[in-house]
Amino acid sequence: MDIIKEKFEEIGLTKAAEIKEFLKANAEMQLGSYTLDSVVSGMKGIIGLITETSLLDAEEGIRFRGYSIPELREKLPRLEGTEEPLPEGLFYLMLTGKMPTYDEMYEVGSNWTKRAVVPKHVFETIDALPISTHPMTQFSIAIMAMQTESEFAAAYRKGVNKKDYWLYTFEDAMNLLARLPRVAAYIYRRTYKNNVHIEPNPKLDWAANFAHMLGYGESESFKELMRLYMVIHADHEGGNVSAHTTHLVGSALSDPYLAFSAAMNGLAGPLHGLANQEVIRWVLELQEALGGGKPSKQQIEDYINKTINEGKVVPGYGHAVLRKTDPRFIAQMNFAKKHMPNDELVNIVWDVYDVAPNILGSFKKIKNPWPNVDAHSGALLVHFGLKEYDFYTVMFGVSRALGVLTSLIWDRALGLALERPKSVTSDWLKNKISAQAK
Ligand code: CMX
């Protein structure tokens with residue numbers, strides 16, 4: 001073993017146990033208007049951000065500019081003969097705060113179509129990576145490769161006035177949104193479909209074109225799924241890891257490519273967006289452990305207990321803010337009831353929903369035993385043949401771009417400040433406690 005590693009194990013871990021004990025014992029210590037426990041538990045509940053695009057209620061779920069998911073599905077414009085509203089309209093709503101007309105929604109799509117050409121060097125950068133590179137890593141690197149196109153970075157270098165920052169942020173955000181589906185589809189086809197690529201179809205809406213470039217465009221239901229998927233994953237107020245990262249990195253006036261690539265590295269964490277692949281992995285492992293087929297509810301219950309006893313989380317369940325079933329889970333469940341009610345994997349997801357909340361709820365420390373958005377999405381994709389679950393978080397990322405890039409435009413319009421919270425050491429806290437005791 002390395003000497004320094006031995007030292008850390010010997011001194012560091014002993015000290016870490018001591019500090020953890022100290023933090024627990026002093027959880028109720030007041031730091032301004034909040035407690036030490038709020039800081040230690042990831043700043044949950046501390047209001048520290050202004051985000052205009054959406055607001056999350058613990059009981060009710062997300063509202064985009066005041067509209068719940070069912071209200072969005074009713075009020076956002078859609079194409080004739082389809083049921084799912086278009087993400088183009090949601091983008092308009094998040095950016096302006098106004099519900100778009102059909103024409104206003106349509107203009108956003110045409111605007112993106114005009115901007116959709118991805119520079120050749122971006123594909124070459126992706127191609128230079130080993131094929132085994134995780135799709136999220138490929139995605140993040142591809143976004144970085146596109147940074148050569150940043151109009152914000154170019155304008156800043158020329159000395160643009162700060163009142164115009166939003167303009168260049170807007171241009172970068174629009175170009176990114178126009179190009180991300182093509183980049184994501186390229187990664188998918190390169191990694192899983194022998195590098196055989198499908199050219200974009202400019203006549204299709206943004207989500208349907210993504211479905212088409214992935215290779216699933218012949219199914220109208222899959223196009224509908226993509227419209228739904230892109231709408232419900234778009235935003236979840238400002239404090240989640242991907243939104244907060246975009247804001248934090250952007251607060252240093254890093255351009256939208258730098259900020260969004262960083263956000264995708266956060267989305268790639270298993271406690272955040274990667275949970276969507278982990279859910280399917282977890283269900284498939286459960287099936288494999290039982291020799292295939294549909295597990296009974298008792299077998300699911302045993303597997304949940306096994307997962308927890310092994311010190312792992314049950315993916316797709318729990319949330320930092322929500323305290324009820326995620327309405328994004330319900331929206332996907334309703335989609336499945338309409339399009340694929342007899343699908344085996346979908347039915348397993350529903351059986352997990354029947355048993356998991358009771359078990360998870362029996363653990364006092366788990367604050368939310370209900371499913372989140374990631375619990376359902378993979379099963380819908382598998383139904384259409386998109387089984388390569390390592391790719392799922394990239395799809396989440398394409399959608400999440402809608403919300404976080406809109407917020408970045410707002411950050412610049414509002415001239416929000418560099419983010420720089422204060423941190424303290426445990427010794428600082430101890431000294432404060434001693435000083436208060438005197
Ligand atoms: N399975 C097992 N244990 C869970 C759990 C789950 N699904 N959810 C929470 N817990 C545990 C936590 O790991 C934590 O344990 P320790 O104190 O030993 O560290 C304890 O319960 C308290 O956690 P919490 O306050 O209820 O939840 P957090 O706000 O800390 O974390 C989340 C929220 C989502 C990370 C957590 O519920 C989790 O790990 N869920 C599974 C992963 C997942 O689905 N993530 C996707 C979230 C949605 C998204 O961002 O896409």
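The model is predicted, so to speak of local features a pLDDT of at least 70 is needed, side-chain atom pairs count only at pLDDT 80 or more, and totals for chains, interfaces and linings use all residues. Residues are numbered from 1 along each chain as its sequence is written, and side-chain values use heavy atoms, with hydrogens and water left out.

**Ligand site**

- A polar side-chain atom of His-272 is 2.6 Å from an oxygen atom of the ligand.
- Asp-374 likewise places a polar side-chain atom 2.6 Å from an oxygen atom of the ligand.
- From Leu-271, a backbone N or O atom lies 2.9 Å from a nitrogen atom of the ligand.
- On its own the ligand exposes 890 Å², and the protein buries 75% of that; accessible areas come from the Shrake-Rupley method with a 1.4 Å probe, and for residues only the protein chains shown count as cover.

**Two covered helices**

- Helices (H or I, at least four residues) and strands (E, at least two) are DSSP runs, numbered from the N terminus.
- Buried means under 20% relative accessible area, exposed means over 50%, and partly exposed is in between, with a 1.4 Å probe and protein chains only.
- Helix α10 (residues 206–214) is largely enclosed by the rest of the structure, because eight of its nine residues are buried.
- The buried residues of α10 are Trp-206, Ala-207, Ala-208, Asn-209, Phe-210, Ala-211, Met-213 and Leu-214.
- After α10 comes Gly-215, with a positive phi near 110°.
- Helix α4 is mostly covered too, with nine of its 10 residues buried.
- Among the buried residues of α4 are Pro-87, Glu-88, Phe-91, Tyr-92 and Met-94.

- Lys-324 sits in the loop between α15 (297–309) and α16 (327–339), and it counts as partly exposed at 41% relative accessibility.
- Leaving aside neighbours within four places in sequence, Lys-324 is in contact (heavy atoms within 4.5 Å) with Ala-58, Glu-59, Asn-368, Trp-370 and Pro-371.
- The side chains of Lys-324 and Glu-59 make a polar contact at 2.9 Å; the term stands for a pair of N or O atoms within 3.5 Å, where within protein one must be able to donate a hydrogen and the other to accept it, and residues adjacent in sequence count only if both atoms are side-chain atoms.
- From Lys-324 to Leu-416 the separation is 92 residues in sequence and 32 Å in space, C-alpha to C-alpha.
- Buried or exposed: which is Ser-377? Ser-377, found in helix α18 (residues 374–383), is buried, with a relative accessible area of 1%.
- Not counting residues up to four places away in sequence, Ser-377 touches Tyr-229, His-233, Asn-276 and Gln-332.

**Salt bridges**

- A salt bridge is a side-chain nitrogen of Lys or Arg within 4 Å of a carboxyl oxygen of Asp or Glu, and by this rule the count comes to 22.
- Lys-338 and Glu-83 form one of them, with the closest N and O atoms 3.2 Å apart.
- Lys-338 lies in helix α16 and Glu-83 in the loop between α3 (69–75) and α4, so this pair ties together parts that are 255 residues apart in sequence.
- Lys-163 pairs with Asp-164 in a salt bridge, the closest N and O atoms being 3.7 Å apart; Lys-163 is exposed at 59% relative accessible area, while Asp-164 is partly exposed at 22%.
- Asp-326 and Arg-328 meet through their side chains in a salt bridge of 2.7 Å, N to O, and both residues are buried.
- A network of salt bridges links Glu-60, Arg-63 and Glu-71.
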